[in-house]
Amino acid sequence: MTDDTILYLALLAAALAATFLVLWLRRPKGERSQVGPEAWVLIDGSNVMHWRENAPDLGVVQEVVRAVAGQGFVPGVVFDANAGWKLFGRYLHDGEFARLLDLEERQVLVVPKGTQADPFLLQTAREFEARIVTNDRFRDWAEAHPEVREPGFLIRGGVREGKVWLQGLAGVGAL
């Protein structure tokens, strides 16, 4: 490995650790002392929002959030920095998306401008032992995150006849 690669990986690890800390600190105080982990399912918001006719649609993300929560999981949504621009013609931060999705702010992350969401999403999934709702196969990240090749780690989905479907959220089968 070159020195530049090592520096990049060190900076990436530091950024991911900071993200994990921010997410943990956003938890309501009563939940910080809770025994046992929450069962999280992360949603690749920038991927999912394009499931209906390949056009940005927050309604699809809202439906997936409800489906994930309906199965007893804690949904977490990660967006690219440009998601607000694609949806509403302006930047939206974590709190604004949280309100629109009826989630706590701790459950939404808009990655910083100029940063890819994929490494944040994959590292957070690793830290939270969570699965990811997406149609992305993360081929560029498979070496660093071999879990993307494990059956069930990535939950596929889409919109069929106007309704969201998810393959493998609660095991085998569609939601």
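Reader: Does Ala-125 count as buried or exposed, and at what relative accessibility?

Author: This is a predicted model, in which local features need pLDDT of at least 70 and side-chain atom pairs count only at pLDDT 80 or more, while totals for chains, interfaces and linings use all residues. Residues are numbered from 1 along each chain as its sequence is written, and side-chain values use heavy atoms, with hydrogens and water left out. Buried means under 20% relative accessible area, exposed over 50%, and partly exposed in between (1.4 Å probe, protein chains only). Ala-125 has a relative accessibility of 2% and therefore counts as buried.

Reader: Where does Ala-125 lie, and which residues does Ala-125 touch?

Author: Helices (H or I, at least four residues) and strands (E, at least two) are DSSP runs, numbered from the N terminus. Ala-125 belongs to helix 7. Contact means heavy atoms within 4.5 Å. Leaving aside residues up to four places away in sequence, Ala-125 touches Leu-42, Ala-130, Ile-132 and Phe-153. Between Ala-125 and Trp-40 there are 8.3 Å in space, C-alpha to C-alpha, although the two are 85 residues apart in sequence.

Reader: How many residues of helix 7 are buried, and what span does helix 7 reach?

Author: The expected span of a helix is 1.5 Å times one less than its number of residues. Helix 7 (residues 117-128) has 12 residues and reaches 16 Å from its first C-alpha to its last, close to the expected 16 Å. Helix 7 is mostly covered, with 10 of its 12 residues buried; among them are Phe-120, Leu-121, Leu-122 and Phe-128. After helix 7 comes Glu-129, with a positive phi near 55°.

Reader: What is the crossing angle of helix 4 and helix 6, and which residues make the contact?

Author: Two packed helices are described by the angle between their axes and the distance between the axes. Axes are lines fitted to C-alpha atoms, for helices over the stretch in contact, and angles run from 0 to 180 degrees between N-to-C directions. Angles under 35 degrees count as roughly parallel, over 145 as roughly antiparallel, 65 to 115 as roughly perpendicular and the rest as oblique. The axes of helix 4 (residues 58-70) and helix 6 (residues 94-101) come within 10 Å and cross at roughly 70°. These two helices, helix 4 and helix 6, are therefore roughly perpendicular to each other. Helix 4 contributes Leu-58, Val-61, Gln-62 and Val-65 to the contact, and helix 6 contributes Phe-97, Leu-100 and Leu-101.

Reader: How many salt bridges does the structure hold, and which parts does the pair of Glu-147 and Arg-126 tie together?

Author: A salt bridge is a side-chain nitrogen of Lys or Arg within 4 Å of a carboxyl oxygen of Asp or Glu. The structure holds 6 salt bridges. One of them joins the side chains of Glu-147 and Arg-126 (3.0 Å, N to O). Glu-147 lies in the loop between strand 4 (131-133) and strand 5 (154-160) and Arg-126 in helix 7, so the pair ties together parts 21 residues apart in sequence. Glu-147 counts as buried at 10% relative accessibility, whereas Arg-126 is partly exposed at 35%.

Reader: Which residues are linked in a network of salt bridges?

Author: The network links Glu-38, Glu-104 and Arg-106. Glu-104 is partly exposed, with a relative accessible area of 34%, whereas Arg-106 counts as buried at 5% relative accessibility.
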